[in-house]
Amino acid sequence: LDRLEVIHFPGYTEGEKEQIALSHMIPRLCAEHGLTHPFPSFTPEAVRAVVRDYTREAGVRGLDRELGAVCRKLARMALKDGAYPEQVGPELVAGLLGPRRYTHEQAKPAAHPGVVNGLVWSEAGGEIVLVEAAGMKGSGQLLLTGSLGEVLKESAQTALSFIRGHAEEFGLDPDFFSTRDLHIHIPAGAIPKDGPSAGVTIFMALLSLLTGRPAKPGVALTGEMTLGGALLPVAGIREKVLAAQRGGVTTVVLPEGNRPEAEALEPDLHASVRVVLAAHVSDALVEVLGERG
């Protein structure tokens with residue numbers, strides 16, 4: 001690799017996949033399968049259902065295969081019944097392709113303290129993850145579950161150490177950790193997770209639990225946290241904001257160091273998602289819990 005120039009291509013957005021399908025894939029696939037008299041009309045909602053529920057990828061090869069499967073089943077209907085529906089909607093897609101194969105996490109309003117929406121990146125794009133924190137009587141143990149990697153575990157230790165070091169500023173008993181255990185869980189335990197970008201999310205979940213203040217609904221955040229509380233830039237900003245838009249998030253908190261990536265986001269993303277840049281966890285605290293520590 002040191003002798004090559006590696007060029008990274010970002011994945012397509014849902015809107016881009018939809019336009020590629022409607023403008024290029026569907027006309028070609030319908031012609032290949034003899035669906036021309038009449039030409040079936042795929043609604044944007046139907047294409048979006050295929051993208052969200054039957055594919056998980058950065059490109060469009062899987063989308064091409066699934067749309068091809070729809071066209072083949074329409075052709076079979078023509079041979080069997082002598083006709084096929086002229087309009088293909090999301091209900092017909094579900095009937096032809098079966099139960100959806102993939103689900104995407106939606107932003108959930110925090111019903112109780114200790115639950116915060118985070119944003120992560122994967123090869124298939126961005127995703128929303130819930131970080132949950134719970135406390136119980138104990139002897140000062142930090143429990144971590146959810147198939148977490150070493151970097152993520154270190155991020156949790158860093159977040160807890162910062163809270164313990166600034167306990168009085170947050171209105172907490174400095175000895176709060178000596179008589180209780182804390183448990184951090186990131187659901188979807190079968191999926192390995194690692195990386196530093198959940199550090200600030202874990203911090204917010206712990207502080208929300210310890211102070212009894214639930215997180216604001218519709219807020220998600222990402223960023224690496226230092227032991228001094230500074231937020232460091234992370235990767236995959238565009239994909240994470242796209243996941244936030246898809247999941248119903250209204251406010252995304254990003255590290256100040258990611259300002260160039262945030263300013264380069266498409267106008268429609270800025271129109272639907274409010275992006276807040278924070279240099280320190282105290283700045284993010286205002287957006288997530290509603291008051292400065």
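A salt bridge here is a side-chain nitrogen of Lys or Arg within 4 Å of a carboxyl oxygen of Asp or Glu.

The model is predicted, with local features needing pLDDT of at least 70 and side-chain atom pairs counting only at pLDDT 80 or more, while totals for chains, interfaces and linings use all residues. Residues are numbered from 1 along each chain as its sequence is written, and side-chain values use heavy atoms, with hydrogens and water left out.

**Around E239.** E239 is found in helix 7. Helices (H or I, at least four residues) and strands (E, at least two) are DSSP runs, numbered from the N terminus. Show the contacts of E239 (heavy atoms within 4.5 Å): leaving out residues up to four places away in sequence, E239 touches P10, G11, W121, G125 and G126.

**R238 and E266.** Now select R238, whose side chain meets that of E266 in a salt bridge, 3.0 Å from N to O. E266 has 22% relative accessibility and counts as partly exposed.

**Other salt bridges.** The structure holds 13 salt bridges. Select E14 and R52 for another of them, where the closest N and O atoms are 2.9 Å apart. Why does this pair tie together parts that are apart in sequence? E14 is in helix 1 (residues 14-32) and R52 is in helix 2 (residues 44-54), so the parts they join are 38 residues apart. E14 is partly exposed at 21% relative accessibility, and R52 is partly exposed with a relative accessible area of 30%.

Next, select D64 and R28, which form a salt bridge with the closest N and O atoms 2.4 Å apart. This pair links distant parts of the chain, with D64 in helix 3 (residues 61-81) and R28 in helix 1, 36 residues apart. D64 is partly exposed at 21% relative accessibility, as is R28, with a relative accessible area of 35%.

**Helix 2.** Which residues of helix 2 are buried? They are A46, V47, A49, V50, V51, D53 and Y54. These buried residues pack against helix 1, strand 1 (41-42), helix 3, strand 2 (87-88) and helix 4 (90-97).

**The largest nonpolar core.** A nonpolar core is a set of buried Ala, Val, Leu, Ile, Met, Phe, Trp, Tyr and Cys residues joined through side-chain atoms within 4.5 Å. The largest one has 43 residues, of which I163, F176, L182, F203, M204 and L206 touch the most other members. Elements that each supply at least two residues include strand 4 (125-137), helix 5 (150-165), helix 6 (199-211) and helix 10 (281-289). Which element gives the largest share of this core? Helix 6 does, with nine residues. Select M204 and show its contacts: apart from residues up to four places away in sequence, M204 touches V116, L221, V281, A284, L285 and V288. A separate core of 25 residues includes I26, A46, C71 and L74.

**Helix 10 and K216.** In helix 10, the buried residues are V281, A284, L285, E287, V288 and L289. Just after helix 10, G290 takes a positive phi of about 90 degrees. Now select K216, in the loop between helix 6 and strand 7. K216 is partly exposed, with a relative accessible area of 38%. Leaving aside neighbours within four places in sequence, K216 is in contact with V286, E287, V288 and G290. Draw a distance from K216 to L232: their C-alpha atoms are separated by 23 Å, and the two are 16 residues apart along the chain.

**Last stop.** Select V6, in the segment before helix 1. V6 is partly exposed, with a relative accessible area of 47%. Together L1, L4 and V6 make a nonpolar surface patch of about 360 Å². Patches are made of residues with over 30% relative accessible area and no salt bridge, with like charges joined within 9 Å and nonpolar side chains (Val, Leu, Ile, Met, Phe, Trp, Tyr) within 5 Å. Accessible areas come from the Shrake-Rupley method with a 1.4 Å probe, and for residues only the protein chains shown count as cover.

Methods. Buried < 20%, exposed > 50% of the residue type's maximum accessible area, 1.4 Å probe, protein only.
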